[in-house]
Amino acid sequence: MARSTKKRIMLRPSALFLLTVATTAMAFAILDNPVMSHAPSGSTPLCKLVNYGGPIIPNINIIPVYIGDSFDPNFMLQMNTFYSWLPTSRWMKVLQEYGIGFGTRGNQIMYNSSQVASYFVPGTVLTDTQVHDFVQQNVVNKLPASPTINTFFSIHFGPGFKVNNSAGTTCSEICAFHSIVWYNSTSFYSYAVIPDLSQSGCNNFACGTGSVLDQTMSISSHEIAEACTDPAITQAFTYAPPLAWYDGSKGCDEIGDVCNHQQFPIDGYTVQKIYSNNLGQCVGSSDTSAATSATTTAATSATTVTTTATSATSATSAAKITFSGVPIFASQTVNVIPLVVGIDSATLNMFYKKLSTTYWYQNIQKLAQATLSIKPPLLLSLSQLPVNPTASTLFSSALQLSSVASYIVNGAVNHIIIHVGGDLSQCPFGCFQNARFNTTITYSIIPAYPVANSVEACASCSSDQFVGTTAALALQLTQGLTDGVDGDTVVSVCGTQQGPVVFGSTSLNVHAIYSNEKQKCLIGSTKSTSGTKKPKPKKKPSGSKKSPAVYL
């Protein structure tokens with residue numbers, strides 16, 4: 001379907017931030033028209049978003065796209081981690097009152113300047129039409145499957161690129177915006193344009209406070225919230241479909257505009273608050289006590305909990321949860337088969353040998369209502385597997401090997417965990433990828449962390465393959481359990497909590513999982529295998545502070 005070029009009646013041109021000149025510095029405000037601005041940042045008008053019947057994005061799949069030559073790999077790593085965390089976060093839960101569920105993060109897509117030269121010229125002002133056409137003709141073809149309404153490209157332009165749409169130019173009048181691409185007469189996917197905030201026009205805290213990373217996370221969350229709740233606003237010409245959740249009153253507009261520039265630190269990240277119709281105010285978390293705390297500053301400390309080997313900590317201050325339901329492998333024996341490809345296997349051998357002696361292992365068996373049996377890791381060579389495989393071809397190729405087939409136990413569930421390194425670590429598996437082959441065989445793919453020459457990462461593994469392994473295993477084994485309200489898992493409810501479990505003189509990290517019995521997130525301790533009494537854990541000093549975040 002052709003992209004509409006009509007100007008909309010009554011509504012603002014697009015979902016975006018507009019720059020206005022303040023008394024001594026440039027600040028952001030949203031304009032209903034050229035002469036009337038929204039309330040200043042930190043002040044929230046009383047709004048009521050109305051659903052005008054347009055589409056929403058029910059389960060967003062965020063795909064980071066980086067265009068340019070000068071991206072800092074650490075910046076991309078941090079943003080990819082943020083995009084992994086955001087779709088299942090407490091911030092995302094706020095959108096549930098608008099019919100939005102949890103989402104996912106897809107694999108990143110990168111283009112250098114030479115790859116986009118026929119579309120974009122660095123140093124020139126691009127048009128949104130150029131971006132739209134590039135996404136439609138190039139970016140979407142990088143997907144492993146056809147796009148859906150859940151597909152959302154978060155497009156980061158590097159230094160030297162600015163984009164103009166009908167409301168202005170990034171880092172001149174606007175900060176970011178979102179739009180859609182129709183791929184047939186009734187279906188579309190979405191994208192947002194996120195400029196480099198270190199360049200002129202954006203480098204004076206015009207898009208927020210804190211570091212460039214803080215500001216970029218904040219404006220990205222703004223656009224994601226609006227894309228989810230009102231994706232087709234650029235195609236709306238009146239207060240009717242395809243307009244979705246919107247309030248045209250002065251100072252309101254879309255869900256992010258109401259709370260423009262109100263940053264909120266959560267789980268070590270910085271988001272922008274979004275408007276809750278139910279609470280009548282801007283919130284940054286589904287945890288109401290935290291969500292309504294007044295703050296406009298960037299996050300200065302992470303809430304990732306690193307505990308001692310015997311500590312157990314609560315994931316959030318929210319009410320306690322009891323997960324219920326029938327786990328996918330209840331009352332069965334699960335044969336866990338680790339495969340190691342292109343990675344030093346010594347540490348993995350120790351990890352799997354000792355994992356069954358931990359409280360973490362006991363807890364996951366209770367939650368899964370299953371019995372686990374962990375096999376010694378099987379070492380494979382890179383030459384035994386295809387070059388540049390997809391997740392499915394990597395797994396199917398491994399399954400055909402006689403050495404792997406001999407590990408399969410008939411009459412049991414077999415969960416194969418493939419640890420990949422070397423050239424295979426460049427494959428776009430994200431942090432980990434879980435899948436089901438048939439009724440008795442499932443698998444997880446775990447790339448080595450950190451991955452050389454790659455910026456792939458995931459919040460749940462924090463650049464640690466053992467955290468990623470335990471998160472993937474816990475998610476696979478506890479499918480079917482639900483909290484009955486928010487769609488949390490025993491992993492996601494614990495956020496990014498992780499901690500070391502001691503194996504003799506060595507400690508390795510595991511991901512926290514929620515315990516129905518203890519009603520909290522647990523890291524786990526080494527299980528005593530002797531008859532001696534296990535020493536009590538030292539109490540954590542009151543008022544102790546969490547480790548500060550490090551933004552690179």
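Okay, hi everyone. Before anything else, please keep in mind that we're looking at a predicted model.

Let's start with the whole chain. There are 552 residues here, and 55% of them count as buried. In terms of secondary structure, we've got ten helices and 29 strands. What about the contacts? If you take those with a separation of 6 or more, 74% come from residues 24 or more positions apart. And for the surface, the chain exposes about 22100 Å², with carbon and sulfur atoms supplying 54% of that.

Now, let me zoom in on two helices. In general, you describe two packed helices by the angle between their axes and the distance between those axes. Our pair is α7, covering residues 359-368, and α10, covering residues 465-477. So what are the numbers for α7 and α10? The angle is about 20°, and the axes sit 9 Å apart. Angles under 35 degrees count as roughly parallel, so that's what we call α7 and α10. As for handedness, the crossing of α7 and α10 is right-handed.

Which residues actually meet there? From α7 you have Trp360, Ile364 and Ala368, and across from them in α10 are Thr470, Leu473, Ala474 and Leu477. Sort the residues of that contact by type and you get six nonpolar, one polar and no charged.

Right, on to the backbone. Go to Pro241 and Pro242: the peptide bond from the one to the other is cis, with omega near 15°. If you want to find Pro242 on the screen, look in the loop between α4, residues 212-229, and β15, residues 245-246.

Then there are two residues with positive phi that aren't glycines. One is His261, where phi is about 75°. His261 is in the loop between β15 and β16, and β16 runs over 263-266. The other is Ser331, with phi near 65°. Ser331 belongs to the loop between α5, residues 288-291, and β20, residues 333-341.

Are these two buried or exposed? Well, His261 has 16% relative accessibility, and the cut-off for buried is under 20%, so His261 counts as buried. Ser331 comes out at 74%, and over 50% means exposed, so Ser331 counts as exposed.

That's my tour. Happy to go back to any of these spots on the screen.

Methods
Residues are numbered from 1 along each chain as its sequence is written. This is a predicted model: local features need pLDDT of at least 70, side-chain atom pairs count only at pLDDT 80 or more; totals for chains, interfaces and linings use all residues. Side-chain values use heavy atoms; hydrogens and water are left out. Axes are lines fitted to C-alpha atoms, for helices over the stretch in contact, and angles run from 0 to 180 degrees between N-to-C directions. Helices (H or I, at least four residues) and strands (E, at least two) are DSSP runs, numbered from the N terminus. Angles under 35 degrees count as roughly parallel, over 145 as roughly antiparallel, 65 to 115 as roughly perpendicular and the rest as oblique. A crossing is left-handed if the near helix is turned anticlockwise from the far one by less than a right angle, and right-handed if clockwise. Contact means heavy atoms within 4.5 Å. Ala, Val, Leu, Ile, Met, Phe, Trp, Tyr, Cys and Pro count as nonpolar, Asp, Glu, Lys and Arg as charged, and the others, Gly among them, as polar. Buried means under 20% relative accessible area, exposed over 50%, partly exposed in between (1.4 Å probe, protein chains only). Accessible areas come from the Shrake-Rupley method with a 1.4 Å probe; for residues, only the protein chains shown count as cover.
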